[in-house]
Amino acid sequence: MAAIDHAPPPFFKQGPAPLALLTFYVTLSIALFVVDLKYKSVDLLRQGIAVVVDPLQRLAQTPGAAIEQVGGYFTSLATLQQENAELRRAQLDTAPNLARLAHLESENERLRRLLDMKAREKAEGKVAHILYATRDPFSRRIVVDQGLQAGVGAGQPVIDESGIVGQVTRVFPLSSEITLITDKDQVVPVQIVRTGQRSVAFGLGEGHLELRFLPANADVQEGDILVTSGLDGVYLPGFPVAKVSRIERDSAYSFARIFCDPVAGVENFGEVFVLAPRPPRADLPALKERAVADEGKGELRPKKSRRAAKKP
Amino acid sequence: MQPTFSSSRILLPVRPWFIYLSLFLALMLNFLPTSQWSWVPDWVALVLGFWAIREFRRVGMGWAFLLGIVMDVADSSALGQHALGYVLLAYVATSLSRRILWFPLLQQALHVLPMLLLCQLVQAGIRTAAGGGFPGFSYFIGPLIAAALWMPATYLLLLPQYRPVEQDPHRPI
């Protein structure tokens, strides 16, 4: 008889021990997590998976969208007529301003040329339809139907009819992901219209924004409108961002707590306008370098400066 | 195999394609635009936990990791977040599977609840540690609903394995 083989028969083979497998997968997950959040260098892997997942996701959402469409089709005539009348009135309201806009722009350009100033940057871009809000409860993001194929790039600002909505942070072949200005620590450089004071609005993650690092006696009032200051080289200046809703002045802290509500319908569905990226300004070398660095990173998050400012 | 180890009813062997189909359908359920309701249960976690308990030789941590990565891309959360939660869930489910299957379904649900909560807590933990916003307490209601759905889910997922109660002894097979 042949010598007894001491290797276990194949039906006892179960692969590596569970604990070893667990260690392997947990390490892999945490490594991916850190690399994704810290270095953002696995976006290619993400894009690859998204090519498969994205169509499935749209397929899963087809029934809901179809029901919505059918509902929209049967909207009553009266509602439509009323809406039509309202739109016509709104158009008439803005007509005087719009009619003179072309004239004003040409005049502005001529005056700027006379004063030897840089020409104003024009707002260009493309309309995108919002597909859905992402399911991730830890962040505020939406997905729109314009992606790499439409020439959308990370870092482009996104607006709707009333103001800034957010910034493109990830681009997939057929869709792109927009981080809303209300996302936690999403930053928009702003200017208070009434006083001209510049500041930075931070998202709070719950549908509100906060103006940080303004002294307790700063000249800010409830109802103040904040517009983009354009200092960052990302957002064009002059777009409405938020309205100051509540101010807490506590002498125990050196800064006032100023809460704002976004002006744009940030958390509503509809259509948005993806602005073309601003051309880097030659006269601001430091800004230009940062803009290039941010293009890889995708978003503007000066976390270090925030931490440094919090210390005193 | 039986529905529970204490049951005398013998089940048909599971068909692998049914496992994969149910996991796929759970994924599709998770792809639905339910971002406004954070209490909606994580269907993939529920079905994955179910198969990890019943068929731990077929569905284990490898599947958990893969599904986790897919969910991360679909939810556009940080890569590895769901993967970590699901891998831990699959590990606990696999290692407790021989114990859990002795209990009736209600008590099984009580075993499953902490697993699903762990899966959710781990994700919330690493995301908030990495600077994400707090998702609100309704995020932790999902596991409660999922655990309550354990009984219907078991009946549904075992449906293809049940044999007719009255069997014809004269039938050739």
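In this predicted model, A:Phe239 counts as buried because 22 C-beta neighbours lie inside 10 Å; a residue is buried if 20 or more other C-beta atoms, placed from the backbone, lie within 10 Å of its own, exposed if 12 or fewer, and partly exposed in between. Residues are numbered from 1 along each chain as its sequence is written, and chains are lettered from A in the order in which they are written. Local features need pLDDT of at least 70, side-chain atom pairs count only at pLDDT 80 or more, and totals for chains, interfaces and linings use all residues.

A:Phe239 lies in the loop between β9 (225–228) and β10 (240–248) of chain A, where strands are DSSP runs (E) of at least two residues and helices are runs (H or I) of at least four, numbered from the N terminus. Leaving aside neighbours within four places in sequence, A:Phe239 is in contact with A:Ile159, A:Gly163, A:Ile164, A:Val227 and A:Thr228; contact requires C-beta atoms, placed from the backbone, within 7 Å. The C-alpha atoms of A:Phe239 and A:Gly163 are separated by 5.7 Å, although the two are 76 residues apart along the chain.

In chain A, six strands close into an antiparallel barrel in the order β6-β7-β8-β11-β10-β9; two strands pair if DSSP finds at least two bridges between them. Strands β6 (residues 187–192) and β7 (residues 198–203) of chain A pair over five bridges in the antiparallel sense. Within this pair, A:Val190 stands opposite A:Ser199 of β7(A).

How values were computed. Contact = placed C-beta atoms within 7 Å.
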